[in-house]
Amino acid sequence: MSVSLGIPTVRGGDRESGVVWPLGERRKSRQIMVGDVPVGGDAPVSVQSMTTTLTADVNSTLQQIAELTASGCQIVRVAVPSQDDAEALPAIARKSPIPVIADIHFQPKYVFAAIDAGCAAVRVNPGNIKKFDDKVGEIARAAKDAGVPIRIGVNAGSLDKRLLEKYGKATPEALVESALWECSLFEEHDFRDIKISVKHNDPVVMIEAYRQLAAACDYPLHLGVTEAGPAFQGTVKSSVAFGALLAQGIGDTIRVSLSAPPVEEVKVGTQILESLGLRQRGLEIVSCPSCGRAQVDVYTLAEEVTAGLKDFPVPLRVAVMGCVVNGPGEAREADLGVASGNGKGQIFVKGQVVKTVPEAQIVETLIEEAMRIAEEMGFEINEDGTVSGGDGTVSGGGVGGATVTVS
């Protein structure tokens, strides 16, 4: 079976006000609640990651969850391969600042332990859980009684042997058939609080699998390119796959799988959503590769601006331009910008030149202007240089939430 959903029509919006620009009509899916995070329906696409600590080490796991939360993670998954890990779940679920999903493989008994522990959801991989089909009724009853959704996570590397024999390998059709078959078993017990993923390490196979799945059911979908690889390769593969699907309105939550610290997964996932207009834009560096026209060291200036404006909670667009071709125009379009050349920089605020400074003062001047704009927007500048947002939280000293365009 091959399913084509067509190319979505691009719709407009107001980037300056932070209103999202949906690229296409959102696939209509049912909505589930993972803790206090809605998934599916008209809820925003959420970012997930997974801890790399031993789950049984409660303190280390909670510390990593705190770091992920600070980076923008909204849902976190923890592995439960042992009894010690299962026994740690109640404390982790209770103390975590974001909903915790228990990741279960091989032993169905840990599914019940996770539900009893108060986890916000449980991920199961039917392909590698012994006698899983025989346990579906019990799992459905326990999950329904506790109000805990189930994610059916099908992976190319652990596909049910029956389907491998039927299709010969993990084709899109095999992945989709596996997921829908397991859903049907839950449906027999009147359980439909389900989210599905059909992951593959090949973005082409993964995209086609999700397209077929999206056309075949209305369950919310968790996007992922499994085993995507090291940071650079994994970022590219995930961005390509997620961009293709999200642009067609497919996908309700995402996890970027990288051979890198999980905080990096969250950063990449967040940036993907921001780039597609599916999340209010934060700090974004858009830089040219430089060229012979540049009259300033663009690479160094970009790095210094990025470091100076890091983690500042104000949604600004800041343009840092290195030549006279695009510089003035780009700087005028930004909330704050600089057009550099001949050893100096013209500082723009809302399209107007407010001052001209020597090249050595560009970065500090941009930061000063960013702080001034933040105060005008109602943010509080603290004595230590941090900025308090409207919700009373405190962020670091740069412009986190800014959009920085560098050329």
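In this predicted model, Ser 82 is partly exposed, with a relative accessible area of 26%, a value that falls in between the limits of under 20% for buried and over 50% for exposed. Ser 82 is found in the loop that runs between strand 4 and helix 2 (83-95), and its C-alpha atom is separated by 9.7 Å from that of Ile 104, although the two residues are 22 residues apart along the chain.

Strands of a sheet pair through backbone hydrogen bonds, in either a parallel or an antiparallel manner. Here, strand 4 (residues 75-79) and strand 5 (residues 100-104) pair in the parallel sense over four bridges, and Val 76 stands opposite Val 100 in strand 5.

Because Arg 77 lies in strand 4 and Asp 103 in strand 5, the pair ties together parts that are 26 residues apart in sequence, and both residues are buried. The structure holds 16 salt bridges, including those in the table.

| Salt bridge | N to O distance |
|---|---|
| Arg 192 and Asp 190 | 3.1 Å |
| Glu 265 and Arg 255 | 3.0 Å |

Glu 265 is buried at 2% relative accessibility, and Arg 255 is buried at 13%, whereas Arg 192 is partly exposed at 35% and Asp 190 is partly exposed at 46%.

Nonpolar residues complete the picture. The largest nonpolar core has 78 residues, and among those that touch the most other members are Val 122, Ile 150, Phe 186 and Phe 242. Leaving aside neighbours within four places in sequence, Phe 186 is in contact with residues including Phe 132, Ile 150 and Ile 194. A second, separate core of 24 residues includes Leu 309 and Val 387. On the surface, by contrast, Phe 232, Val 236 and Val 240 form a nonpolar patch with about 320 Å² of accessible area together. Phe 232 is found in helix 8 (residues 231-246) and is exposed, with a relative accessible area of 70%.

Technical notes
Residues are numbered from 1 along each chain as its sequence is written. This is a predicted model: local features need pLDDT of at least 70, side-chain atom pairs count only at pLDDT 80 or more; totals for chains, interfaces and linings use all residues. Side-chain values use heavy atoms; hydrogens and water are left out. Patches are made of residues with over 30% relative accessible area and no salt bridge: like charges are joined within 9 Å, nonpolar side chains (Val, Leu, Ile, Met, Phe, Trp, Tyr) within 5 Å. Accessible areas come from the Shrake-Rupley method with a 1.4 Å probe; for residues, only the protein chains shown count as cover. A salt bridge is a side-chain nitrogen of Lys or Arg within 4 Å of a carboxyl oxygen of Asp or Glu. Helices (H or I, at least four residues) and strands (E, at least two) are DSSP runs, numbered from the N terminus. Buried means under 20% relative accessible area, exposed over 50%, partly exposed in between (1.4 Å probe, protein chains only). Two strands pair if DSSP finds at least two bridges between them. A nonpolar core is a set of buried Ala, Val, Leu, Ile, Met, Phe, Trp, Tyr and Cys residues joined through side-chain atoms within 4.5 Å. Contact means heavy atoms within 4.5 Å.
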